Amino acid sequence: MKFISPWVHTTDKCNLKCHYCYVRGNAVMTEEIYTALEELLLNAPTKNRHLRFAGGEPTLVFNRWEGFARRMLKHEGTTVEVLTNLISVPEKFWEFAELPRVNVSVSIDNGKTVKVLDKTIIKKLKRLRNPWIMTTVTTENINNLEVLAAYIGENNYGWCITTDYFEETTLSWTVLSEKIIDIIEILKEFKYDFSKISFNNFSVKNNFTGCRAGNEMFAVMPNGKIYACQTLAGKTAIGDVWSGYERKEIHQKTSCKSCSISQICSGWCPLYFKTPNPICNVIKLFAYEIMKEVYHAK
Amino acid sequence: MPSDCQCSACNCTTKIVRERIGDKEAIAMIKKLEKEVEELRRENEGLRVSSSRNKTSKRKIIKALQNKLDKLLHETEND
């Protein structure tokens, strides 16, 4: 086991109501669960621990998990990532975000109403060291992505673009492709580092492995149960923080084997993305464009 | 928060699991992809329009975007 990476589902609570979100409820993880998880992680057969604090909105309950995160950071090999919308961050969080080995990933869709790129969010982003931006492309924001691309290009931020897991708000592959080409052209103007961008888990980043749900990656819910993926919460648990979990290797989809980019494409979401899929065309166009940039094979 | 697939949204470097392809393999892959992309473009007018628009009026689009962005950043600084 080369690394271990729990999705720490700190709370179901959120200060936004994104139309594509699957999280419901008000549960908050307690100290008892954090303590058991700490023991589980410290006894794991690897020292490379990458903790992802998420929700819901994790900064709403920052006081509940700060102590656990700081304790874990004292152990060599531990890194922390906070996945947040940055809407209402407690003052103490900024100090935490400056710690070495802490990274912040910020959800910005720049939709008409959802996760808008405005002056408030820009001010907050400026306070972060090298934030990573996460964007879900839906009908709500498809026409506002160029400005976001220019902003990301100018700052050379990492950018993770995805369609929604459940394909309920996914646009047609042709509309998406046109937008992706536009975005890449904009980023080129800013001499963007294309090793920092991904679309539906396709990236040329060296350490990019795609989804490892149920293996090195797993989700810990507020009740202490462990699931292969956070989207499976409430379904079949694979363990809990007290007794651990049973790892399961995810095999590449057989339908992907003949694909021209199977060596470097993770096949997007192993749970919900069925291949072959028209969205694979978008991934190929994206792959072609960014590989040309990264490998200078124009 | 969701539905971003945050599984891979990080800038940490602890996740090396398997070696990726080398430069030679990557260039061969690009050549193979080029044919497929050309075919997709042939079959789809929207994509052709999108790529030709990018070539002909890219500067114009970027300028408009840069203005929008400058306005946003200016507002932020003066706030």
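A residue counts as buried if 20 or more other C-beta atoms lie within 10 Å of its own, as exposed if 12 or fewer do, and as partly exposed in between, with C-beta atoms placed from the backbone. The model shown in these close-ups is predicted: local features need pLDDT of at least 70 and side-chain atom pairs count only at pLDDT 80 or more, while totals for chains, interfaces and linings use all residues. Residues are numbered from 1 along each chain as its sequence is written, and chains are lettered from A and ligands numbered from 1 in the order in which they are written.

View 1. Helices (H or I, at least four residues) and strands (E, at least two) are DSSP runs, numbered from the N terminus. A:Val220 is buried, because 29 other C-beta atoms lie within 10 Å. Leaving aside neighbours within four places in sequence, A:Val220 is in contact with A:Pro6, A:Trp7, A:Val8, A:His9, A:Leu37, A:Ile226 and A:Val241. Here, contact means that the C-beta atoms of two residues, placed from the backbone, lie within 7 Å. A:Leu73 is 147 residues from A:Val220 in sequence, and their C-alpha atoms are 18 Å apart in space.

View 2. Strand 1 (residues 5–9) of chain A runs parallel to strand 8 of chain A and is joined to it by four bridges; two strands pair if DSSP finds at least two bridges between them. Opposite A:Val220 stands A:Val8. Strand 9 (residues 225–227) of chain A runs antiparallel to strand 8 of chain A, with two bridges joining them, and A:Tyr227 is the bridge partner of A:Ala219. Do look at the turn as well: the hairpin of strands 8 and 9 of chain A has four residues between the strands, and A:Gly224 takes a positive phi near 90° there.

**View 3. The open sheet of chain A.** In chain A, 11 strands form an open sheet with mixed pairing, in the order 7-6-5-4-3-2-1-8-9-10-11. Strand 7 (197–199) and strand 11 (244–245) of chain A are the edge strands, each pairing on one side only.

**View 4. Strand 5 of chain A, enclosed.** Six of the six residues of strand 5 (residues 132–137) of chain A are buried, so this strand is largely enclosed by the rest of the structure. A:Trp132, A:Met134 and A:Thr136 point one way, and A:Ile133, A:Thr135 and A:Val137 point the other way. Three bridges tie strand 5 of chain A to strand 4 (residues 102–107) of chain A, and the two run parallel. A:Met134 is the bridge partner of A:Ser107.

**View 5. Helices 6 and 7 of chain A side by side.** The axes of helix 6 (residues 173–189) and helix 7 of chain A are 8 Å apart, at an angle of about 15°. Axes are lines fitted to C-alpha atoms, for helices over the stretch in contact, and angles run from 0 to 180 degrees between N-to-C directions. Helix 6 and helix 7 of chain A are therefore roughly parallel to each other; angles under 35 degrees count as roughly parallel, over 145 as roughly antiparallel, 65 to 115 as roughly perpendicular and the rest as oblique. The residues of this contact divide into 10 nonpolar, two polar and three charged. Ala, Val, Leu, Ile, Met, Phe, Trp, Tyr, Cys and Pro count as nonpolar, Asp, Glu, Lys and Arg as charged, and the others, Gly among them, as polar.

**View 6. Helix 7 of chain A meets helix 1 of chain B.** The axes of helix 7 (residues 279–294) of chain A and helix 1 (residues 23–43) of chain B come within 9 Å and cross at roughly 130°. These two helices are therefore oblique to each other. Their contact comprises 10 nonpolar, one polar and four charged residues. Among the residues that meet are A:Leu285, A:Tyr288 and A:Met291 from helix 7 of chain A, and B:Ile30, B:Leu33 and B:Val37 from helix 1 of chain B.
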